[in-house]
Amino acid sequence: MLLSGPSGSGKSLVAARSGLPVLRLDDFYKEGDDPTLPLVEGSSDIDWDHPGSWDADVAVEAIARLCATGSTPVPVYDISLSARTGEETLHIGRTPLFIAEGIFAAEIVERCRELGLLADALCLSRGPATTFRRRFLRDLKEGRKSVPFLLRRGWRLMRAERSIVARQVSLGAHPCDRDEALGRLAAAATGRQVRQRTAA
């Protein structure tokens, strides 16, 4: 199960409430000294919301390994340091389903589908104002970046949220709120077919 959505939309909370094993795709960010990192246009800030800031190939390899063997090494990433600080092994046992969640999850929908690894792909959306507030309070509490950076990023993402969601949906993720996401996760976990809804 791929769970995407704008930063602050509640992906981690939904994943935790599902009771399923979780692979944190944010741990596959590139490190801060990587010369391929994209910049925010007209700024010297690194654009951590651009897919180019993330290692999709390694993330897909980890998903494939989990599906094949039930375990995979994953990096431990410290967002405040923009660096990988170690590695750990994620074990999911014999469960037939797990969640891979992160803001770039929709970027690998087609690749996972082609590999026969995809049960469903969801895009959480809670509205720009709500997402802005949740994201800022979370990032401030966790000390992810400096306050000026968080404010600049938050304002930029709030204005871009509708286009972010539209892109993720165009990549194959189904748009939904928290309750529908939990329902679809529960259905997939029990092997039930989920009927697609038409987005309003």
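The model is predicted: local features require pLDDT of at least 70, side-chain atom pairs count only at pLDDT 80 or more, and totals for chains, interfaces and linings use all residues. Residues are numbered from 1 along each chain as its sequence is written, and side-chain values use heavy atoms, with hydrogens and water left out. Helices (H or I, at least four residues) and strands (E, at least two) are DSSP runs, numbered from the N terminus.

**Helix H2**

- Helix H2 comprises residues 56-69, 14 residues in total, and reaches 20 Å from its first C-alpha to its last. This is close to the 20 Å expected at 1.5 Å a residue, the expected span being 1.5 Å times one less than the number of residues.
- The buried residues in H2 are Ala56, Ala59, Val60, Ala62, Ile63 and Leu66. They lie on the same side of H2 because they cover an arc of only 155° around the axis, the arc being that of the directions from the helix axis to the C-beta atoms.
- Ala68 and Thr69 are exposed on the other side of H2. Buried denotes under 20% relative accessible area, exposed over 50%, and partly exposed in between (1.4 Å probe, protein chains only).
- Strands E1 (2-4), E2 (22-24), E3 (71-78), E4 (83-91) and E5 (99-101), together with helix H3 (109-114), pack against the buried residues of H2; contact means heavy atoms within 4.5 Å.

**Largest pocket**

- The largest pocket holds about 420 Å³ of space. On a 1 Å grid over the protein atoms alone, a pocket is an open set of points with protein on both sides within 12 Å along at least five of seven lines, a cavity is a set of points where a 1.4 Å probe fits but cannot get out, and lining residues have an atom within 4 Å of a point.
- The lining of the largest pocket has 25 residues, of which Ser7, Asp26, Arg138, Asp139 and Arg144 lie nearest its centre.
- Helices H1 (11-18), H4 (128-142) and H5 (147-170) are the elements that give two or more residues to this lining. Its largest share, four residues, comes from H4.
- The lining of the largest pocket divides into eight nonpolar, six polar and 11 charged residues. Ala, Val, Leu, Ile, Met, Phe, Trp, Tyr, Cys and Pro count as nonpolar, Asp, Glu, Lys and Arg as charged, and the others, Gly among them, as polar.

**Second largest pocket**

- About 330 Å³ of space lies in the second largest pocket.
- Its lining has 18 residues, of which Asp49, His50, Pro51, Leu157 and Ile164 lie nearest the centre. H5 gives the largest share, seven residues.
- Eight nonpolar, four polar and six charged residues make up the lining of the second largest pocket.

**Cavity**

- The structure holds one cavity of 30 Å³ or more, and the largest cavity has a volume of about 50 Å³.
- Phe132, Arg135, Phe136, Asp139, Leu150, Arg153 and Gly154 line the largest cavity, with four residues, the largest share, coming from H4.
- By class, this lining has three nonpolar, one polar and three charged residues.

**Loop residue Leu81**

- Leu81 lies in the loop between E3 and E4 and is exposed, with a relative accessible area of 56%.
- The C-alpha atoms of Leu81 and Gly32 are separated by 7.8 Å, and the two residues are 49 residues apart along the chain.

Terms used:
Points joined across faces, edges and corners; volume = space filled by probe spheres on them.
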